[in-house]
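Colleague: I am new to reading protein models. Could you walk me through how helices pack?

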Amino acid sequence: MSNVDTGDYGPMKRLSTMFSTLQDKLHRDRSDRVLTLPQPTAPALAVTSFFEYLVVVSLGKKRGQGTYEPQITYQFPKLANMERSQREEEEKSLKAILLFCFPEGVNWAPLTEYPSETFSFVLTEVDGSRRNGYCRRLLPHGKGARAPEVYCIISRVACFGLFSKIFDEVEKRRQISMAMIYPFMQSLREAPFPAPGNTVQIKSFIPESGTEIISLTRPLDSWLEHVDFRTLFRCLTDEEVLKVFASTVLERRIIFMAEELSTLSQVLHAVAALLYPFTWQHTFISIVPSVLIDVVMAPTPYLLGVQRNKLDDVIDQSDMLIVDLTEGAENTFITCIGDESTILPEKLQEELLQALCCRRDNSTSEELNKVVSEAFLSFFVKTVGHFSSHVKRSSGRQPGVFQKKSFCKASEHKASQHFVKRFIQTQMFDIFIQEVERRPTQEGFFHKKIAEYQESKKKEKAK
C-alpha cells in the first residue's frame, strides 16, 4: 500500500500533505507540465463490486532522452464510459497513481528477466474515504530486452490476498493475449463482492483450455484480510517486531527499507495491523515514490516504506527508527532512539514472546494471522481493556466523558501504568475513545475478548 496520513492535521485530511508535496515537487521539477490533484469526494458507500477500474502502466521512452516515464496504455472500463464529473476526477487521480506504479522514477533499462511482484498502496482523500491500489509488476511475454509493465486495480476493497489471486489470473491471460484480460475483468466487475467467509465463482474462457471457473473466497476475519504476517516475521525476529510495535504505539517516525516493493508493502500493512483495535492516524506510505522522498523530513509521526537505494536520503534524519528489512542485514536498526526495548511493560513483553512462539513454520496465512493478531490483541486487553468502566455517562443521549486519571490508576499492574499514561496521549487512542464516548453500546471482536478476559479473572478470584 503506498498509503498516507498527515500528522497534526488529523485523520480526515489523510493524504492531503502528500498530494500538496507532490504538486509542489512536480511544479518545481516539471515546470512544463501541470498536475491538478483530486478534490475531496463523498465518503464511499458500502462496497458492492470488486473494483472500480484496471489500468496497465507501461514505461515509454522520453523524446530525445534516454530516460523512461510511466504512461497508461490500457484501461478497463474506459473513462469515456464514466459520467463527465467522475471522468474528470479520475483523470486527475490517474496522474498520481502513475507514480506509485513505478516509484523508482526514470532510471530504467530494458530487461530480459524480471520476477513478477505484487504490492499495493492506498489513496486517502481529504474527506477520509479510501481507495486501494493493487499492483502486479511483470515482464510482458516476448523476446529480447523489454520494459516491465504494471497492472493496477483500483478498488474500495481492502483484501490483498484476494487481489493477488486475481492478478495470477490476469498474468496467465496476459501471456496469451491482452485481449484475454478484458472478458475476465468484465466477469469480475459484474460479480457481487462476497461477504466475509463467502465465495464467489467467476467463469472465464481461455483458448485450448475452455471455460474455467475461478473461485474467490473472502477471509472470515475481515479486519485481517489485507494482511499476511509471514513477510514481517521472515524479515524480523520476534524481539525486533516488539521494538517496532513499541515505537508504533507511541506514534513515532518509522522508516522501513527494502529492495522489493512487495516486502515494503506487506511489512507496513502488517505493522499497522498489530495496532488493532486502534488505527494509525498519521502519514502512512508503504512505498514512497522518489519524487516524494522529501516526506522523510516531516516533523510529524509516519510509517514509510523506502527502497534501500534511497538510504542516503533518509540517514541524516534524527529521532526516528530506521528498519532494514534486507535479508542478512548487518544492523536491522540503522538508527533508533534507544528506549524501544523498555517502552512495553516487561511482563507483557514476555507474554507476547511466549504467545508468538505458538506459531508453526508450516502454518497457513490464516493460522499465522490468528496467532499473531490474538497475541497483540491480548496486550491491549490487559493494558487498556478496562476503559469502558471509566466513561462517565449521564442520563439521556448525551455522550459520555472519559475519566483519564481514574483509568490510569486502575491499571491492572503498576508496571503498566507508565505505559498507559503515555499511550493515552496518542492520537490513535484519542480517536478510539471518542468513538466509545459517542456510542454507549460497544460490540466487536476486541470487546468480546475483553469480556472473556474479565470473566476468566473473576473465575480465578473465585477459586
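Predicted model: local features only at pLDDT ≥ 70, side-chain atom pairs only at ≥ 80, totals over all residues.

Colleague: How many helices and strands does the protein have?

Modeller: There are 14 helices and 14 strands. The protein has 463 residues, and 51% of them count as buried.

Colleague: What share of the contacts join residues at least 24 apart?

Modeller: Take contacts between residues at least 6 apart in sequence. Of these, 65% join residues at least 24 apart.

Colleague: At what angle do the axes of H10 and H12 cross?

Modeller: H10 covers residues 365-384, and H12 covers residues 414-423. Their axes come within 10 Å and cross at roughly 95°. Angles of 65 to 115 degrees count as roughly perpendicular, so H10 and H12 are roughly perpendicular to each other.

Colleague: Which residues meet there, H10 against H12?

Modeller: H10 brings Phe-379, Phe-380, Thr-383 and Val-384. H12 brings Phe-419, Val-420 and Phe-423. By class, that contact has six nonpolar residues, one polar and no charged.

Colleague: How do H6 and H10 pack?

Modeller: H6 spans residues 238-249. The axes of H6 and H10 are 13 Å apart, at an angle of about 45°. H6 and H10 are therefore oblique to each other. Their crossing is right-handed.

Colleague: Which residues of H6 and H10 meet?

Modeller: From H6, they are Val-241, Leu-242, Phe-245 and Val-249. From H10, they are Phe-376, Phe-379 and Phe-380. This contact of H6 with H10 has seven nonpolar residues, no polar and no charged. Phe-379 and Phe-380 of H10 meet residues of H12 and of H6.

Key:
Residues numbered from 1 in each chain as written. Heavy atoms only, no water. Axes fitted to C-alpha atoms, helices over the stretch in contact; angles between N-to-C directions. Helix = DSSP H or I, 4+ residues; strand = E, 2+ residues; numbered from the N terminus. Parallel < 35°, antiparallel > 145°, perpendicular 65-115°, else oblique. Contact = heavy atoms within 4.5 Å. Nonpolar A, V, L, I, M, F, W, Y, C, P; charged D, E, K, R; others polar. Buried < 20%, exposed > 50% of the residue type's maximum accessible area, 1.4 Å probe, protein only. Left-handed = near helix turned anticlockwise from the far one by under 90°.
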